[in-house]
Amino acid sequence: GRLTDRLRLVAEPELAVAPKGLAGTLEFKSEPWIETVAGKQPVVVVFDFKRLYPLARCEVFYTGALNALSADVSVDGETWTSVGSRGLLPPTTFREVARLGLEFERHYVARYLRWVIVPGDTGRNVSLIEAEVWSE
């Protein structure tokens, strides 16, 4: 969905509150928070929470072409359990930020969450804008 005009927030840093109709916050304009993935090879992102948590769901906010996302959890970083995946996602338009959520079938007690991200095959990059991981 259309969450924010992130380019306007980058161009106008004095916007502490997004204009009417935009749900952006200052973190969307901070470029170090945005990671861009180019090419067609899968990319792996691993979150280390430093201790065990009962993980319930995760969300990624992205722009561009994201073909698929799968999520796995682990207690030790060696043995992984698949907790969900989504595929065949339509690319966003240039100014849109989309939200992709994965609700786990149950709470998984884990220290690590691993995403395998497959960029789209449209020739466009995918930019990861924000990541959220929810516990109970």
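Reader: Among contacts between residues at least 6 apart in sequence, what percentage join residues at least 24 apart?
Author: In this predicted model, 77% of such contacts in the protein chain join residues at least 24 apart.

Reader: And which elements is the chain built from?
Author: The protein chain has one helix and six strands. Read from the N terminus, their order is α-β-β-β-β-β-β.

Reader: How many residues are there, and what share counts as buried?
Author: The protein chain has 136 residues, and 38% of them count as buried.

Reader: What is the average pLDDT of the chain?
Author: The average pLDDT is 75, and 68% of the residues score at least 70.

Reader: Which elements have the lowest and the highest mean pLDDT?
Author: Helix α1, residues 6-11, has the lowest mean at 53, while strand β4, residues 81-87, has the highest at 92. Residues 1-5 have a pLDDT below 50, and this stretch makes 20 contacts in the model beyond near neighbours in sequence. Over residues 15-33 the pLDDT likewise stays under 50, and the model has 32 contacts for them beyond four places in sequence.

Reader: What does V83 touch, leaving out residues up to four places away in sequence?
Author: V83 touches A71, D72, V73, F104 and Y108.

Reader: Why does the pair of W80 and Y112 tie together parts that are apart in sequence?
Author: W80 lies in the loop between β3 (66-74) and β4, whereas Y112 belongs to strand β5, residues 98-119, so the pair ties together parts that are 32 residues apart in sequence.

Reader: Are W80 and Y112 buried or partly exposed?
Author: W80 is partly exposed, with a relative accessible area of 23%. Y112, with a relative accessible area of 14%, is buried.

Reader: You mentioned F104 and Y108 as contacts of V83. Why is their ring pair classed as edge-to-face?
Author: The ring centres of F104 and Y108 are 6.3 Å apart and the planes are at 75°, so the pair is edge-to-face; over 60 degrees is the cut-off for that class. Both F104 and Y108 are buried.

Reader: Which residues do ring pairs link into a cluster?
Author: The cluster consists of F47, F49, Y53 and W115, linked by ring pairs.

Reader: Finally, the surface: which residues make the nonpolar patch of about 270 Å²?
Author: L52, V75 and V109 make that patch. L52 is located in strand β2, residues 43-64.

Reader: Why does L52 count as partly exposed?
Author: Its relative accessibility is 45%, and partly exposed covers values between the limits of 20% for buried and 50% for exposed.

Notes:
Residues are numbered from 1 along each chain as its sequence is written. This is a predicted model: local features need pLDDT of at least 70, side-chain atom pairs count only at pLDDT 80 or more; totals for chains, interfaces and linings use all residues. Side-chain values use heavy atoms; hydrogens and water are left out. pLDDT is the predictor's confidence in each residue, from 0 to 100. Helices (H or I, at least four residues) and strands (E, at least two) are DSSP runs, numbered from the N terminus. Contact means heavy atoms within 4.5 Å. Patches are made of residues with over 30% relative accessible area and no salt bridge: like charges are joined within 9 Å, nonpolar side chains (Val, Leu, Ile, Met, Phe, Trp, Tyr) within 5 Å. Accessible areas come from the Shrake-Rupley method with a 1.4 Å probe; for residues, only the protein chains shown count as cover. A salt bridge is a side-chain nitrogen of Lys or Arg within 4 Å of a carboxyl oxygen of Asp or Glu. Buried means under 20% relative accessible area, exposed over 50%, partly exposed in between (1.4 Å probe, protein chains only). Rings of Phe, Tyr and Trp (its six-membered ring) pair if their centres lie within 6.5 Å; planes under 30 degrees apart count as stacked, over 60 as edge-to-face and the rest as tilted.
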